[in-house]
Amino acid sequence: MSDPFIRVRDLHQRFGSQHVLRGIDLDVHRGETLVLLGGSGAGKSVLLKHLPGLLCPTEGTVHVEDTEISCMNERELTPIRRKVGIMFQGGALFDFMSVGENVAFPLREAGVRDEAEIAKRVADALEIVRLAGEESKMPASLSGGMRKRVALARAVVDRPACVLYDEPHAGLDPVTADTIDHMIKRLQRDYGMTNIVITHEMRSVFHIADRIAFLKDGLIYWLGTPKELRQTTDPELRAFVDGDSGDPWDESA
Ligand SMILES: Nc1ncnc2c1ncn2[C@@H]1O[C@H](COP(=O)(O)OP(=O)(O)OP(=O)(O)O)[C@@H](O)[C@H]1O
């Protein structure tokens with residue numbers, strides 16, 4: 001196996017008296033899709049935010065390729081942000097900008113000035129998410145699924161080596177969620193992208209994951225393949241996979 005694309009070692013994050021991450025060790029391999037699973041409040045989003053340097057750890061390190069990025073300043077992080085794109089929960093589009101300008105935003109931030117090049121790269125990114133020709137629409141006129149696809153186009157327009165997705169299926173109907181899964185796998189297959197995905201949708205997990213990391217109490221509790229997860233006898237994982245809280249259902253009600 002080649003060197004990991006992202007290497008996390010003994011990562012701790014405290015917020016005041018709350019110890020959210022308690023010593024995470026994780027390697028993310030180049031070109032894989034890794035899914036982060038775990039109960040609410042387990043620390044998945046906090047871990048994800050460390051990977052492009054959006055948070056500075058209390059202890060421990062994050063390396064992207066050979067560069068330690070923990071606690072870098074904004075200027076030092078600029079080349080890292082070009083390698084690691086992020087699709088935030090809810091899409092986080094700028095409502096006052098057209099679809100085209102939203103997608104172009106990371107290119108302008110990175111200093112691309114050639115308008116013809118920007119237009120071409122925006123068109124290519126919209127093509128990937130099946131929204132070709134929709135540049136002039138405003139975000140307010142889009143459905144939730146289309147907004148997510150625009151957010152995905154914006155995350156990939158600068159062709160990062162790695163994309164992070166914070167609950168890309170939240171609020172989507174099952175069919176639209178499935179189209180997002182196909183896009184994630186297409187980016188991996190066609191562009192060799194590394195994907196790191198937080199989701200609670202077990203159907204998606206089994207469609208897209210090469211490996212799954214299960215977080216519990218700020219630690220990686222379990223790491224394995226979808227096949228291993230299907231076969232697990234660990235009661236905690238089983239309950240998660242089966243969506244079973246253990247509370248009985250009153251069938252007569
Ligand atoms: N900036 C912050 N300041 C203080 N506490 C925070 C901050 N960010 C996260 N937390 C706390 O860290 C804990 C873990 O949050 P996180 O968002 O990582 O959970 P999660 O596993 O992604 O959960 P969910 O599945 O519900 O989104 C929560 O208790 C949250 O309140």
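In this predicted model, helix H1 (residues 44–50) gives the largest share of the shell around the ligand, three residues. The ligand is surrounded by Phe15, Val20, Gly38, Ser40, Gly41, Ala42, Gly43, Lys44, Ser45 and Val46. Sorted by class, this shell holds four nonpolar, five polar and one charged residues.

**The six-stranded sheet**

An open sheet of six strands runs in the order E6-E7-E8-E3-E9-E10, and its pairing is mixed. Strand E6 (84–87) and strand E10 (219–224) are at the edges; each has a single partner strand, so one side of each has no neighbour in the sheet. From one strand to the next, the twist averages 20°.

| Strands | Direction | Bridges | Residue pair |
|---|---|---|---|
| E9 and E10 | antiparallel | five | Ile212 and Gly224 |

Helix H5 packs on the sheet, where H5 touches E6 and E7. The direction of H5 makes about 170° with that of E6. E9 and E10 form a hairpin with two residues between the strands, and Asp217 in this hairpin takes a positive phi near 50°.

In a regular strand, side chains alternate between the two faces of the sheet.

**The nonpolar core**

The largest nonpolar core has 61 residues. Which residues have the most contacts inside this core? They are Val35, Leu36, Val103, Ala153, Val163, Leu164 and Ile196. Helix H5 (residues 144–156) supplies the largest share of the core, six residues.

Ile196 shows what such contacts look like. With its neighbours within four places in sequence left aside, Ile196 is in contact with Val28, Leu34, Leu36, Leu48, Leu51, Cys162 and Leu164.

**The four-stranded sheet**

Four strands form an open sheet in the order E2-E1-E4-E5, with antiparallel pairing. Strand E2 (18–28) and E5 stand at its edges; each has a single partner strand, so one side of each is left without a neighbour in the sheet. Strand E1 (residues 6–15) pairs with E4 over five bridges in the antiparallel sense. Within this pairing, Val62 in E4 is the bridge partner of Val8.

**Two glutamates with positive phi**

Glu65 lies in the loop between strand E4 (59–64) and strand E5 (67–68). Its phi is near 50°, a positive value in a residue other than glycine. Glu167 also has a phi near 50°, again positive in a residue other than glycine. Glu167 lies in the loop between E7 and helix H6 (174–191).

Is each of these residues buried or partly exposed? Glu65 counts as partly exposed because it has 15 C-beta neighbours inside 10 Å. Glu167 has 20 other C-beta atoms within 10 Å, so Glu167 is buried. The cut-off behind this step is that a residue is buried if 20 or more other C-beta atoms lie within 10 Å of its own.

Technical notes
Residues are numbered from 1 along each chain as its sequence is written. This is a predicted model: local features need pLDDT of at least 70, side-chain atom pairs count only at pLDDT 80 or more; totals for chains, interfaces and linings use all residues. A nonpolar core is a set of buried Ala, Val, Leu, Ile, Met, Phe, Trp, Tyr and Cys residues joined through C-beta atoms within 7 Å. A residue is buried if 20 or more other C-beta atoms lie within 10 Å of its own, exposed if 12 or fewer, and partly exposed in between; C-beta atoms are placed from the backbone. Two residues are in contact if their C-beta atoms, placed from the backbone, lie within 7 Å. A residue is near a molecule or strand if its C-beta atom, placed from the backbone, lies within 6 Å of it. Ala, Val, Leu, Ile, Met, Phe, Trp, Tyr, Cys and Pro count as nonpolar, Asp, Glu, Lys and Arg as charged, and the others, Gly among them, as polar. Two strands pair if DSSP finds at least two bridges between them. Axes are lines fitted to C-alpha atoms, for helices over the stretch in contact, and angles run from 0 to 180 degrees between N-to-C directions.
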